[in-house]
Structure formats: structure tokens, C-alpha cells
Amino acid sequence: MNIKEVSEKQDISTDTLRYYERIGVIPPVTRDKNGYRDFTEKDLNWVYFAKVLRQAGVTIERLVDYTNLSKQGGKTLETRKAILADQLDDINKNIEELEEARDYLKYKLDSFDTHMVEYEKEKLEIENDQNENR
């Protein structure tokens, strides 16, 4: 699969794909006899991996570290597993924080008419009292 096809399939720009390869977010992509990128299934898996982790907030540097460890083979399995576990913990924490914010916003919207009407009435009464005392 060529870079344009991968770009469309994965919804990642061709520039991003080239950048990811150049800096080591993904390993070097297989090339055809003319030197053009010819993404294999393995290459596509790396692209998807990078895309998903970037969407989850994983830094470019962390992805490069992971890719470099992967190139070193089996001796880095535990380290790579630990990186993924740490990232999962971070994502779960972020999800919890987002859920808390969502729940609070939902509460505010559900009670907006009642609370805001009361708040505005109280605010107006205070302003009126202050104006009367001047």
C-alpha cells in the first residue's frame, strides 16, 4: 500500500507519516524496487499504534523511545510492557478527570434554569439593596 492510500485509510497526512518515519515514531517503512514506500501489514500496525497513542496524548518522545526499544528485540519486552501500562494508567486517570468534568457540566446544565434564575434574582436584590443604602 502506498503512502497516499495509508494516509486516506488511517486519516493521517502524508507529511505526518513521513515525519513519523523520519524521527523514529514508526520504524523505517518497507520500500519497493523504485524506493517508494510500500506499507506492509506490519508497517500499517505501527502507523495505527502511533496514531492511537498520539490521540491519547502520548508524547512523540515517548513513542520514539518505545520504537527504539522495539528495535532492540526481546530483551526490552518488560520495559515496553511497562511503558504501555504507564500510558494506560495515565489515560485512565485522564478519563476519570474528563468524566468528573462531564458530570459537573451535566449537573450545571440540568439545573441551569432553576439555579441561574435564583442566582440572578438574588444578585438583583443585593444590587437594589446596595442602591437603596447609598
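Author: Y19 is partly exposed, with a relative accessible area of 34%. On this scale, buried means under 20% relative accessible area, exposed means over 50%, and partly exposed lies in between (1.4 Å probe, protein chains only). The model is predicted, so local features need pLDDT of at least 70 and side-chain atom pairs count only at pLDDT 80 or more, while totals for chains, interfaces and linings use all residues. Residues are numbered from 1 along each chain as its sequence is written, and side-chain values use heavy atoms, with hydrogens and water left out.

Rings of Phe, Tyr and Trp (its six-membered ring) pair if their centres lie within 6.5 Å; planes under 30 degrees apart are stacked, over 60 edge-to-face, and the rest tilted. By this rule there are five aromatic pairs. In one of them, the ring centres of Y19 and Y20 are 6.3 Å apart and the planes meet at 45 degrees, so the pair is tilted. Elsewhere, W46, F49 and Y66 are joined by ring pairs into a cluster.

A nonpolar core is a set of buried Ala, Val, Leu, Ile, Met, Phe, Trp, Tyr and Cys residues joined through side-chain atoms within 4.5 Å. The largest such core has 21 residues, and Y20 is among those with the most contacts inside it, together with V6, L17, V25, I26, F39 and V47. Two or more residues of this core come from each of α1, α2 (14-23), α3 (41-55) and α4.

What does L17 contact, leaving aside its neighbours within four places in sequence? With contact meaning heavy atoms within 4.5 Å, L17 touches I3, V6, S7, I12, I26 and V47. Y20 in turn is one of the residues in contact with R54, along with T59, I60 and L63, neighbours within four places in sequence again being set aside. R54 belongs to helix α3 and is partly exposed, at 33% relative accessible area.

L69 is buried, with a relative accessible area of 17%. Beyond residues up to four places away in sequence, L69 touches T76, T79, R80 and I83. L69 and K42, by comparison, are 27 residues apart in sequence and 17 Å apart in space, C-alpha to C-alpha.

Charged side chains come next. Side chains of opposite charge can pair when their charged atoms come close. A salt bridge here is a side-chain nitrogen of Lys or Arg within 4 Å of a carboxyl oxygen of Asp or Glu. The whole structure holds eight salt bridges. In one of these, K4 and E8 meet at 2.6 Å, N to O. Both residues lie in helix α1 (residues 3-10), four residues apart, or about one turn of the helix, and both are exposed.

R62 and D86 form another salt bridge, with their closest N and O atoms 4.0 Å apart. This pair links distant parts of the chain, as R62 lies in helix α4 (residues 60-71) and D86 in helix α5 (residues 77-110), 24 residues apart. D86 is partly exposed at 40% relative accessibility, and R62 is partly exposed at 27%.

Between K123 and E120, the closest N and O atoms of the salt bridge are 3.6 Å apart. K123 and E120 are three residues apart in helix α6 (residues 112-132), and therefore separated by about one helical turn. K123 is partly exposed at 32% relative accessible area, and E120 is partly exposed at 38%. Salt bridges also link E21, R31 and R37 in a network.

One backbone detail remains. D11, in the loop between α1 and α2, has a phi near 55 degrees, a positive value in a residue other than glycine. D11 counts as exposed, at 66% relative accessibility.
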